[in-house]
Amino acid sequence: MKQIPANQLLAGLYEVGTVKAEPITAVVTDSRKVEPGCVFVCFPGERVDGHDYAAGAIENGAAYVVANHPVEGVPQRQLILVESSHMAMVRMGANYRNLFSPQMIGVTGSVGKTTTKEFCYAVLSAFGNTIKTEGNQNNEIGVPNTLFRLEEGTEYAVVEMGMSALGEILRLSRAARPSAGIITCIGVSHMETLGSRDNILKAKLEICAGLPDGAPLALNGDDEYLRKAEKEGRIPERLRPVWFGIEDKRCQVRAENIRSGADGQSFTLVDSENGSFEVFIPALGRHNVYDALSAYAAASRMGLEPQRAARALADYRSTGMRQNVVKKNGITVVEDCYNASPDSMRASLEMFRELDAGTGRKFALLGDMLELGTLEEEAHAQVGRLAAGAGLEALAAVGNASRGMVQAAQEAGLRAVHCETAQQALDWLKAELREGDLLLAKASRGMKLEKILKALYGEEALQ
């Protein structure tokens, strides 16, 4: 973080004249990272309350503490009282971002945000010094933390924006002020809090608020809800939509002749404005083609050289536990344990169905999809039916909601078993799998399927 005067960083959070212009070196939310000259932001939590560490932060050199209430041991002159620590973080992120002028892509959508972010990073990095959202730090703490990493030498940035309620992406987009935006698709994630796909669409369209007039907005042309938004005039006329897709021939950026291989996919990228390019991406599944197209669409319409942008898609690297292919003990495992929704489950099963197993067999270890609200029962049953059509030898599922998945799979003719515990799932895998087989592992992050996999590999004992 570049040093910034305190009164400039904290503008809008204090009464005029109460904060001086001393240099601030960092904004931290973890008391272990407090350093002289930083701002420490207190977040109340279920297990840990940052306010309990505020006095210690002052003792260790923090210049100011942002808090929701007075704290003993924090002098009033160093206390910034706010109603919401989240709002304060976003405001400071916006104030700091105003110091710089990188070309930036903002990414949102129900599924594929992080993968799209990584494709954008691969493309932008081919043109200059680029920063990106680390991991899935896409909320009202993570986005400001990404903005705080901007420096004088930063030429490009890609910022992922998530949400759990209306208004969140609007605030994040206004703080980040991206040069271009991407909406990957409108799915059913967060249905539990937002109630309808139309509300999810409304929330994702909030990214438009931070885009300048004339900015490109890359939209999935094969997504019925985004096309509905176009038909209903909900995409601001001041922006420049660029549609990407595979099926809809009206899209300006399309993929044709998709070919899958062991290490990824090749396809012809057809751009109505810039011609056609042969592209390779080191990622499996049709959903990853969409993510690559969106990154190209945004970058090319930002003015970056199209052929070079298309070529840079090959530099994509997966992160975390997202569709990571691991070969252990003669078995090939597609680890996709970071998150799951009906849309991403469908995409992963379709990818797995198309994957060449050679002489081996295909198995799946699936788990609960969380935060689906009233859709939970039908969504899990639907995944069970999809699994039955994915060319699997058998399916094992863990989690209470996955009972319906197993039942639907069995009714559709697939051998399937519900495992009450992680140990049962591990024992089943060890009994079923043999050299040459393929395994797909996917569930919501809270199911912690990676622990079962590490035990299967012999890396860690199952706890």
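The structure is a predicted model. An open sheet of nine strands has mixed pairing. Elsewhere, helix α13 packs against α14 at about 40° and against α12 at about 5°. Strand β19 has five of its five residues buried.

**The nine-strand sheet**

- The strand order is β8-β9-β7-β10-β11-β12-β13-β14-β15.
- β8 (130-132) and β15 (275-281) are the edge strands. Each has a single partner strand, so one side of each lacks a neighbour in the sheet.
- From one strand to the next, the twist averages 20°.

- Four bridges link β7 (residues 103-108) to β10 (residues 180-183), in the parallel sense. V107 has I182 of β10 as its bridge partner.
- β10 also pairs with β11, again parallel, over three bridges.
- N220 stands opposite F244 of β12.

**Burial of β11**

- β11 is mostly covered, with five of its five residues buried.
- P216, A218 and N220 point one way from the strand. L217 and L219 point the other way, and all of these residues are buried.

**Helices α9 and α10**

- Helix α9 (residues 224-231) lies across β10, β11 (216-220) and β12 (240-245). Its direction is at about 150° to β12.
- S294 belongs to helix α10 (residues 286-301). Its relative accessibility is 1%, so S294 counts as buried.
- Neighbours within four places in sequence aside, S294 contacts T116, I182, A218 and F244.

**Helix α13 against α14**

- Helix α13 (residues 376-388) and helix α14 (residues 402-411) pack at about 40°, with axes 7 Å apart. That angle makes α13 oblique to α14.
- The crossing of α13 and α14 is right-handed.
- From α13, the contact uses H380, A381, V383, G384, R385 and A388. From α14, it uses S402, G404, M405, A408 and A409.
- By class, the residues of this α13 contact with α14 are six nonpolar, four polar and one charged.

**Helix α13 against α12**

- Helix α12 (residues 342-354) packs on α13 at an angle of about 5°, with axes 10 Å apart. The two helices are therefore roughly parallel to each other.
- α12 contributes P342, M345, R346 and L349. α13 contributes A379, Q382, V383, L386 and A387.
- Seven nonpolar residues, one polar and one charged make up the contact of α12 with α13.
- V383 of α13 takes part in the contact with α14 and in the contact with α12.

**Strands β18 and β19**

- Strand β18 (residues 362-367) and β19 are joined by five bridges and run parallel. L365 stands opposite A396 of β19.
- β19 (residues 394-398) is mostly covered.
- Both faces of β19 are covered. A394, A396 and V398 lie on one side, L395 and A397 on the other, and all are buried.

Terms used. Residues are numbered from 1 along each chain as its sequence is written. This is a predicted model: local features need pLDDT of at least 70, side-chain atom pairs count only at pLDDT 80 or more; totals for chains, interfaces and linings use all residues. Side-chain values use heavy atoms; hydrogens and water are left out. Two strands pair if DSSP finds at least two bridges between them. Axes are lines fitted to C-alpha atoms, for helices over the stretch in contact, and angles run from 0 to 180 degrees between N-to-C directions. Contact means heavy atoms within 4.5 Å. Angles under 35 degrees count as roughly parallel, over 145 as roughly antiparallel, 65 to 115 as roughly perpendicular and the rest as oblique. A crossing is left-handed if the near helix is turned anticlockwise from the far one by less than a right angle, and right-handed if clockwise. Ala, Val, Leu, Ile, Met, Phe, Trp, Tyr, Cys and Pro count as nonpolar, Asp, Glu, Lys and Arg as charged, and the others, Gly among them, as polar. Buried means under 20% relative accessible area, exposed over 50%, partly exposed in between (1.4 Å probe, protein chains only).
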